[in-house]
Amino acid sequence: MTTSKIFSRPFDAVLCDLDNVIRFYDTTELSSLERAAGLAEGTTSRVAFAPEIDLPLLLGEITKEQWVESIVVGLSGQVPEARARELGTALAEAPFRADDVVVAMLVQARAHVPLVLVTNATVELEEDLLTLGLADFADHIVSSARVGVAKPDRRIYEIAAHRAGVAMDRCLFVDDRLENVEAAVGLGMTGLHYREPDDLRQPLGALLG
C-alpha cells in the first residue's frame, strides 16, 4: 500500500522580496540633482547598482558611507567630486515607503502560511523595517548582509526555505527581478515575477479574505 500527501494549496510558505515589491524609494531629489548636473536621470543608480559597487554593500562587507565613496569614484569624469558625493548621498538617503496594498495581502497570507522576507539588503535593514512599521511583519527575515550570500545564489533560497520549515517545492517565491525568480524556479519553487499588486492576487488566491 502506498500513500501520498494531498495538498490543499500549491505552496506552504511565501518567500518575498522587499525592494520594489513592498518597499519603494522616492528618488525625486536625486533626479533633480542629476538634471542640475547635466546627467541623464538614472545615471547615479546605474553606477551605484553595478555589481562591483553594490555587492560588497549587500554582503555586509562595506558601510553605506563606503558605498557612497565608491559611487563618487564611479562618477569621476562625469561630474566634479563634490557633486558626485552629493548625488551618491541623495541616493543613499532617499526616503522610502511601504506599499500598503501589498502589505495587507501578505499579512492575510501570513495568517495561513509562513512569510519570509528574502532580500538583498544592507545591515540597516532591521532599522529600516522599524521605520516602515514592519518590524514584526514577517515570520523570518533572510538578509544578504546577514547571511553573507545574495540572490540569485542558491544558498539564500535554501536558507529561506529552511527557516520557513518548508520544502523547496512547497514555496512561492516573489521578486521583481526576473533572474531571481528564475533561480527560484530552477530550485523547484513556484516563482512569481512581480510588477504590480494585482500580480499577487491570483497566486495567493484562497489565502486572501
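At what angle do the axes of helix α4 and helix α5 cross? Here are some notes on that and a few other places worth a look.

1. **The model.** This is a predicted model, in which local features need pLDDT of at least 70 and side-chain atom pairs count only at pLDDT 80 or more, while totals for chains, interfaces and linings use all residues. Residues are numbered from 1 along each chain as its sequence is written, and side-chain values use heavy atoms, with hydrogens and water left out.

2. **Overall picture.** The chain has 11 helices and seven strands; these are DSSP runs numbered from the N terminus, with helices being H or I of at least four residues and strands E of at least two. Its C-alpha trace spans about 75 × 30 × 25 Å along the principal axes. Of its 209 residues, 45% count as buried (under 20% relative accessible area, with exposed over 50% and partly exposed in between, for a 1.4 Å probe and protein chains only). Among contacts with a separation of 6 or more, 64% come from residues 24 or more positions apart; contact means heavy atoms within 4.5 Å.

3. **Helices α4 and α5.** Back to the opening question: the axes of α4 (residues 64–74) and α5 (residues 81–92) cross at roughly 135 degrees and come within 8 Å. Axes here are lines fitted to C-alpha atoms, for helices over the stretch in contact, and angles run from 0 to 180 degrees between N-to-C directions. That makes α4 oblique to α5 (under 35 degrees is roughly parallel, over 145 roughly antiparallel, 65 to 115 roughly perpendicular, and the rest oblique). The crossing is right-handed, meaning that the near helix is turned clockwise from the far one by less than a right angle, with anticlockwise being left-handed. On the α4 side the contact includes Trp67, Val68 and Ile71, and on the α5 side Ala84, Gly88 and Leu91.

4. **Thr44.** Do look at Thr44 in helix α2 (residues 43–48). Thr44 counts as buried, at 0% relative accessibility. Leaving aside neighbours within four places in sequence, Thr44 is in contact with Leu30, Glu34, Ile71, Leu75, Leu87, Gly88 and Leu91. Of these, Ile71 also belongs to the α4 side of the helix contact above, and Gly88 and Leu91 to the α5 side.

5. **Thr28.** Thr28 lies in helix α1 (residues 28–36) and is exposed, with a relative accessible area of 54%. Its C-alpha atom is separated by 10.0 Å from that of Glu41, 13 residues apart along the chain.

6. **Aromatic pairs.** The count comes to three aromatic pairs (rings of Phe, Tyr and Trp, the last by its six-membered ring, with centres within 6.5 Å; planes under 30 degrees apart are stacked, over 60 edge-to-face, the rest tilted). Tyr25 and Phe96 form an edge-to-face pair, because their ring centres are 5.5 Å apart and their planes at 70 degrees. Tyr25 lies in strand β2 (residues 23–25) and Phe96 in strand β3 (residues 96–98), so the pair ties together parts 71 residues apart in sequence. Tyr25 is partly exposed at 37% relative accessibility, and Phe96 is partly exposed at 25%. Arg23 lies over the face of Phe96, at 5.0 Å from the ring centre (the rule asks for NZ of Lys or CZ of Arg within 6 Å of the centre and within 35 degrees of the ring normal).

7. **Backbone checks.** Most residues other than glycine have a negative phi, and most peptide bonds are trans. A cis peptide bond joins Lys151 and Pro152, with omega about 10 degrees, and Pro152 lies in the loop between α8 (144–147) and α9 (154–164). Asn20 has a positive phi, near 70 degrees, and is found in the loop between β1 (13–16) and β2.
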